[in-house]
Number of protein chains: 2
Amino acid sequence: MAGPTTDRRLLRGEETRRAVLRRAVEIASVEGLEALSIGRLATDLGLSKSGVFAGFGSKEELQLATVRAARRIFADAVLAPVADIPPGLARARALCEGWLAYSRTRVFPGGCFFFEVTAEFDARPGPLRDALADSARTWHRIVEDTLAEARTAGALRPDTDLGDLAFGLIALLEAANSQAVLHEEDTPYQRAGRLLLRLLRAEATDPADPALA
Amino acid sequence: MAGPTTDRRLLRGEETRRAVLRRAVEIASVEGLEALSIGRLATDLGLSKSGVFAGFGSKEELQLATVRAARRIFADAVLAPVADIPPGLARARALCEGWLAYSRTRVFPGGCFFFEVTAEFDARPGPLRDALADSARTWHRIVEDTLAEARTAGALRPDTDLGDLAFGLIALLEAANSQAVLHEEDTPYQRAGRLLLRLLRAEATDPADPALA
């Protein structure tokens with residue numbers, strides 16, 4: 001029977017879990033998922049190791065939960081803001097610019113969480129690589145779907161290779177993140193912003209489309 | 001006085017160092033520079049820990065020596081093959097294609113060594129980040145200089161922004177490496193090959209230049 005005490009205990013468990021994951025995504029975005037340890041998180045947050053362990057059970061579960069938490073934060077920062085923009089080039093451009101802002105404003109202190117941890121696990125088969133490959137495929141599909149809508153709306157040429165265009169846009173975003181974090185410079189974001197406009201203009205039915213001004 | 005015994009000992013020291021670094025670049029390209037440890041390298045190579053330690057002195061020295069060793073391997077794989085190609089678009093294109101081949105043939109088992117370890121250290125100030133930032137700047141300068149030679153040769157438009165173009169090309173190469181390693185697919189290399197040709201053609205004085213065919 002769930003009385004008020006159990007409710008409070010459940011609530012506390014949920015709060016602890018959220019606090020642990022908030023700290024875990026920060027650490028992983030700077031140092032990678034291998035740097036996560038139940039002991040370190042307990043120390044950082046002033047919790048007992050058993051308290052943190054109870055929420056996750058193993059290091060791998062903690063790492064997988066951290067990836068899921070990062071996906072939610074990414075969705076709030078990058079996907080939610082474009083949801084109300086009508087399909088078309090304005091939405092495609094806003095999605096790219098929103099991604100650059102997500103990196104530039106350091107939603108994660110180490111820059112893009114997924115860039116950091118994908119480089120860490122891309123060559124190491126296992127559940128973590130699978131989760132990161134799924135995240136990458138989902139993001140690629142979102143960009144490609146956004147471009148497909150723009151083509152359906154008549155804004156992109158019928159022969160545009162949507163897979164290539166999505167690949168090119170994502171390449172520019174990730175390179176901007178990587179170089180901006182490494183050199184602590186803003187120039188890479190500006191270069192990416194100019195180049196992604198050129199990629200979109202080259203495929204637009206109207207290169208003077210106001211969404212690309 | 002350096003007699004034959006000392007020579008043999010020096011030679012053995014140099015051979016040990018080379019064997020350690022050969023294994024270290026392999027491990028780091030898959031698991032990162034933090035995964036390097038003197039104990040693990042000694043076990044992997046059947047050497048004593050003190051023998052490995054004598055060659056490097058500290059984990060950070062070992063990591064820095066590993067980055068230098070990877071730069072030499074990269075130079076042999078990517079830079080040496082284009083040295084005899086005359087300056088111009090053919091050389092610029094060969095440099096990009098050579099980079100894709102370097103990733104595709106897994107000169108390092110985890111794909112591009114620098115992609116892996118730069119993501120690991122880009123947000124962590126210190127000698128390792130400095131060494132990686134220097135590697136990235138040097139590579140960016142080589143690409144930009146190669147494009148500058150092509151412009152001087154009259155193959156690129158006088159108003160081409162060489163920094164932007166180098167950034168765009170490098171972005172495509174790195175995204176190809178990252179996605180190909182993550183998804184174990186060849187498609188990203190093909191996408192990057194098509195898109196880099198389009199970036200070069202858009203800036204070429206003759207879009208039908210045979211070097212871009």
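According to UniProt, in an unreviewed entry, residues 37-56 of chain A carry the annotation "DNA-binding region"; UniProt positions are given here in the numbering of this model, feature names are shortened, and annotations may be inferred rather than shown by experiment. The model is predicted, so local features need pLDDT of at least 70 and side-chain atom pairs count only at pLDDT 80 or more, while totals for chains, interfaces and linings use all residues. Residues are numbered from 1 along each chain as its sequence is written, chains are lettered from A and ligands numbered from 1 in the order in which they are written, and side-chain values use heavy atoms, leaving out hydrogens and water.

The span 37-56 of chain A is 80% helix and 0% strand, and its end C-alpha atoms lie 11 Å apart. Here helices (H or I, at least four residues) and strands (E, at least two) are DSSP runs, numbered from the N terminus.

What pattern does chain A follow along the sequence? Chain A reads α-α-α-α-α-α-α-α-α, with 9 helices and 0 strands. Along the principal axes, the C-alpha atoms of chain A fill a box of roughly 60 × 45 × 30 Å. Of the 213 residues in chain A, 51% are buried, a word that means under 20% relative accessible area, with exposed over 50% and partly exposed in between (1.4 Å probe, protein chains only). Among contacts (heavy atoms within 4.5 Å) with a separation of 6 or more in chain A, 68% join residues 24 or more positions apart.

Chain A holds 27 positive and 30 negative side chains, with the centres of the two sets 5 Å apart. Lys and Arg count as positive and Asp and Glu as negative, whereas His and the chain ends are not counted; each charge is placed at NZ of Lys, CZ of Arg, CG of Asp or CD of Glu.

How many disulfides are there over all chains? The count is 0, where a disulfide is a pair of cysteine sulfur atoms within 2.5 Å. C112(A) is in no disulfide, and the nearest cysteine sulfur, that of C96(A), is 14 Å away. C112(A) is buried, at 4% relative accessibility. In chain B, the sulfur of C96(B) is too far for a bond because the closest cysteine sulfur, in C112(B), is 14 Å away. C96(B) is also buried, with a relative accessible area of 4%.

Most residues other than glycine have a negative phi. R106(A), however, has a positive phi near 55°. R106(A) sits in the loop between α5 (89-104) and α6 (113-121) of chain A, and is partly exposed at 28% relative accessible area. In chain B, R106(B) likewise has a positive phi of about 55°.

Finally, L132(B) belongs to helix α7 (residues 127-152) of chain B and is buried at 2% relative accessibility. Leaving aside residues up to four places away in sequence, L132(B) touches L182(A), V67(B), F114(B), V117(B), T118(B) and F121(B). L132(B) and R68(B) are 64 residues apart in sequence, with their C-alpha atoms 9.7 Å apart in space.
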